[in-house]
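Here are my notes on the model you sent, as numbered points. Please read them with the structure open beside you.

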Amino acid sequence: NEFSTKHIPVNVAAWGTAVHSSDSSDWYAPNALDGLSYTCTHTTTQTDPWWKLDLMKTYGVNRVTITNRAGCCESRIDGAEIRIGNKPSDLLSNPGRYVTVNIPGTSKILTLSCHGMEGRYVFVNLPGTSKILTLCEVGVYVIFPDNLATGRNVTQSSNFGAWFAEQAIDFNPGLTKSYSACSSTSAQTNSWWRVDLSSVYRVSRVVVTNRLDCCPERINGAEIRIGNSLENNGNNHPICAVISSIPAGVSFTYICNDMEGRYVNLFIPGDKRFLTVCEVEVYGVGVMKFSVLGN
């Protein structure tokens with residue numbers, strides 16, 4: 001059956017890094033990304049306080065959610081604005097969507113529809129003097145395109161610690177915490193990673209995201225292979241492309257010209273080679289199968 005990730009929003013907020021205009025005790029900016037509604041951010045009393053989330057790359061944002069503080073000071077959020085854009089320093093120059101926030105005391109969560117607005121930065125700012133900005137959770141939801149690799153069975157030739165094969169298809173590009181978002185084999189001969197698409201597809205392109213924090217050269221020389229056999233673990237398949245290099249933290253697209261196959265392999269020939277991948281995306285269309293019925 002066809003597998004689709006369409007219309008399934010993913011919260012990408014915790015993949016980024018947060019700062020705010022001032023700290024009040026231990027109410028730090030990252031508290032809004034920890035998944036806990038009882039740990040909150042808190043600026044000092046100041047003019048025009050703000051909170052900023054750097055998603056580390058540009059996304060088309062479907063919606064933003066804000067969880068307000070419960071039990072105290074619920075009205076502090078009134079008048080806050082939410083902005084999305086690509087300018088990190090001058091937040092008011094971002095042309096992104098902004099609204100006045102008013103979260104009723106009976107409903108702690110505000111949801112703002114953003115309709116695919118693009119931006120790397122999400123700002124919450126509170127205009128005015130003698131203001132305190134408190135946020136208990138911020139969610140940023142993105143609808144990803146139909147990546148055929150998502151939710152499929154994946155494996156690799158070995159595991160380096162907890163850098164499991166599945167982490168290369170979890171949407172998270174690992175730009176802040178590669179150890180929990182990227183896959184890696186141990187150093188070995190002819191390392192490989194493979195995804196089983198469950199049926200045969202005509203693969204138009206494969207997108208590979210390289211590690212940001214270390215060792216981007218490890219991907220150099222990796223081969224993208226596509227086919228239908230598991231002989232030699234699928235590493236004998238025809239080659240779509242050879243990865244000469246990918247800069248650290250970058251996603252690069254390789255055109256495969258509708259090569260047919262159920263399995264997509266990344267194979268890196270040589271001795272004592274790590275294969276480290278932070279995301280693999282596979283795009284294409286299914287191959288229709290027809291049967292001829294006799295009379």
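**Notes on the predicted model**

1. Cys-73 counts as partly exposed, because its relative accessibility is 24% and the partly exposed class lies between under 20% (buried) and over 50% (exposed). This residue is placed in the loop between β3 and β4. The phi angle of Cys-73 is near 60 degrees, a positive value in a residue other than glycine. Most residues other than glycine have a negative phi. Please keep in mind throughout that this is a predicted model.

2. Asn-190 sits in the loop between β8 and β9. With a relative accessible area of 32%, Asn-190 is partly exposed.

3. Next, the overall make-up. How many helices and how many strands does the protein have? The secondary structure comes to zero helices and 14 strands. Read along the sequence, the pattern is therefore a run of β elements, β-β-β-β-β-β-β-β-β-β-β-β-β-β. Of the 295 residues in the protein, 47% are buried.

4. The largest pocket holds about 200 Å³ of space. Which residues line it? The lining consists of Lys-57, Tyr-59, Phe-144, Pro-145, Asn-147, Phe-171, Pro-173, Arg-205, Thr-209, Glu-279, Glu-281 and Tyr-283. By class, six of these lining residues are nonpolar, two are polar and four are charged.

5. Which strands supply at least two residues each to that lining? They are β3 (50-67), β9 (191-209) and β14 (279-286). The largest share, three residues, comes from β14.

6. The model has seven aromatic pairs. One of them joins Phe-144 and Phe-171, which are stacked at 4.5 Å centre to centre with 25 degrees between the planes. This pair links distant parts of the chain, 27 residues apart: Phe-144 is in the loop between β6 (137-143) and β7 (153-156), and Phe-171 is in the loop between β7 and β8 (183-184). Both Phe-144 and Phe-171 are buried.

7. A second pair has another geometry: Phe-160 and Trp-163 are edge-to-face, at 6.4 Å centre to centre and with 65 degrees between the planes.

8. Two arginines lie over ring faces. Arg-205 lies over the face of Tyr-283, at 4.1 Å from the ring centre.

9. Arg-83 deserves a separate look. Where is Arg-83 found? It is in strand β4 (residues 81-85). Arg-83 is buried, because its relative accessible area is 8% and buried means under 20%. The side chain of Arg-83 makes a polar contact with the side chain of Glu-81, at 3.0 Å.

10. Glu-118 lies in strand β5 (residues 109-125). At 57% relative accessibility Glu-118 counts as exposed, since the exposed class starts over 50%. Glu-118 and Gly-60 are 58 residues apart along the chain, yet their C-alpha atoms are separated by 4.3 Å.

11. Val-200 gives another example of sequence separation set against distance in space. Val-200 lies in strand β9. Val-200 and Gly-286 are 86 residues apart in sequence and 6.3 Å apart in space, C-alpha to C-alpha. Is Val-200 buried or exposed? At 17% relative accessibility, Val-200 counts as buried.

Key
Residues are numbered from 1 along each chain as its sequence is written. This is a predicted model: local features need pLDDT of at least 70, side-chain atom pairs count only at pLDDT 80 or more; totals for chains, interfaces and linings use all residues. Side-chain values use heavy atoms; hydrogens and water are left out. On a 1 Å grid over the protein atoms alone, a cavity is a set of points where a 1.4 Å probe fits but cannot get out, and a pocket is an open set with protein on both sides within 12 Å along at least five of seven lines; lining residues have an atom within 4 Å of a point. Grid points are joined across faces, edges and corners, and a volume is the space filled by probe spheres set on the points. Helices (H or I, at least four residues) and strands (E, at least two) are DSSP runs, numbered from the N terminus. Ala, Val, Leu, Ile, Met, Phe, Trp, Tyr, Cys and Pro count as nonpolar, Asp, Glu, Lys and Arg as charged, and the others, Gly among them, as polar. Buried means under 20% relative accessible area, exposed over 50%, partly exposed in between (1.4 Å probe, protein chains only). A polar contact is a pair of N or O atoms within 3.5 Å; within protein, one must be able to donate a hydrogen and the other to accept it, and residues adjacent in sequence count only if both atoms are side-chain atoms. Rings of Phe, Tyr and Trp (its six-membered ring) pair if their centres lie within 6.5 Å; planes under 30 degrees apart count as stacked, over 60 as edge-to-face and the rest as tilted. A charge sits over a ring if NZ of Lys or CZ of Arg is within 6 Å of the ring centre and within 35 degrees of the ring normal.
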